[in-house]
Amino acid sequence: MAVTQYRPSTDLFSLFDQMFGPTGSARQGGLLRAPEADVVETENQIRGTLEMPGMRSEDISLDLENNVLTISGQKREERTEGDEKHTWHLAERRYGQFSRSFVLPRDVDSESIQANFENGVLTVSIPKSEKARRRRIEIGGGGGASGQLGGESGNP
């Protein structure tokens, strides 16, 4: 008998599946597990990349309100009940609605946000506003200040 180390999961769907087997609730219009995301910040923008295999761009919605970006959508089930031409032996893919929100860490230029969906991957480019970008501040007071600090004056 092989012994495998138990690794507890914090994912509610995984815990339920471990206890009772695959659930049918997602297939009945429940919540779809939120897509995995990578969020990267550069000097000029914040870029989010989310995996959404099997989805279409028209099933995805992006909203920005109070610096909270919400990505939501719905993955529709492809099979129909009562189809006598097909015999289903296994149906594990999840279907339903999802929603995921991200609090943006800096002021952004909300008018210039761009989203691209290709090959099941959504890429959202969020440019930073000018006031959120790093800038160099010049120090004034050039060369004349050192002569005055030394106590020298032009009078004998």
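Modeller: Start with E41. This is a predicted model, and in it E41 is partly exposed, with a relative accessible area of 39%. The side chain of E41 meets that of K128 in a salt bridge, 2.8 Å from N to O. K128 sits in the loop between β7 (121-127) and α2 (144-149), while E41 belongs to strand β1 (residues 37-41), so their pairing ties together parts that are 87 residues apart in sequence. K128 has a relative accessibility of 6%. That value is under 20%, so K128 counts as buried.

Now turn to R56. At 44% relative accessibility, R56 counts as partly exposed. R56 forms a salt bridge with D59, and the closest N and O atoms are 3.1 Å apart. D59 is buried, at 14% relative accessibility. The side chain of R56 also meets that of E58 in a salt bridge, at 3.5 Å from N to O. E58 counts as exposed, because its relative accessibility of 55% is over 50%. Shared partners join R56, E58 and D59 into one network of salt bridges.

The cut-off applied here is a nitrogen-to-oxygen separation within 4 Å. By this rule, the count comes to three salt bridges.

Methods
Residues numbered from 1 in each chain as written. Predicted model: local features only at pLDDT ≥ 70, side-chain atom pairs only at ≥ 80, totals over all residues. Heavy atoms only, no water. Helix = DSSP H or I, 4+ residues; strand = E, 2+ residues; numbered from the N terminus. Buried < 20%, exposed > 50% of the residue type's maximum accessible area, 1.4 Å probe, protein only.
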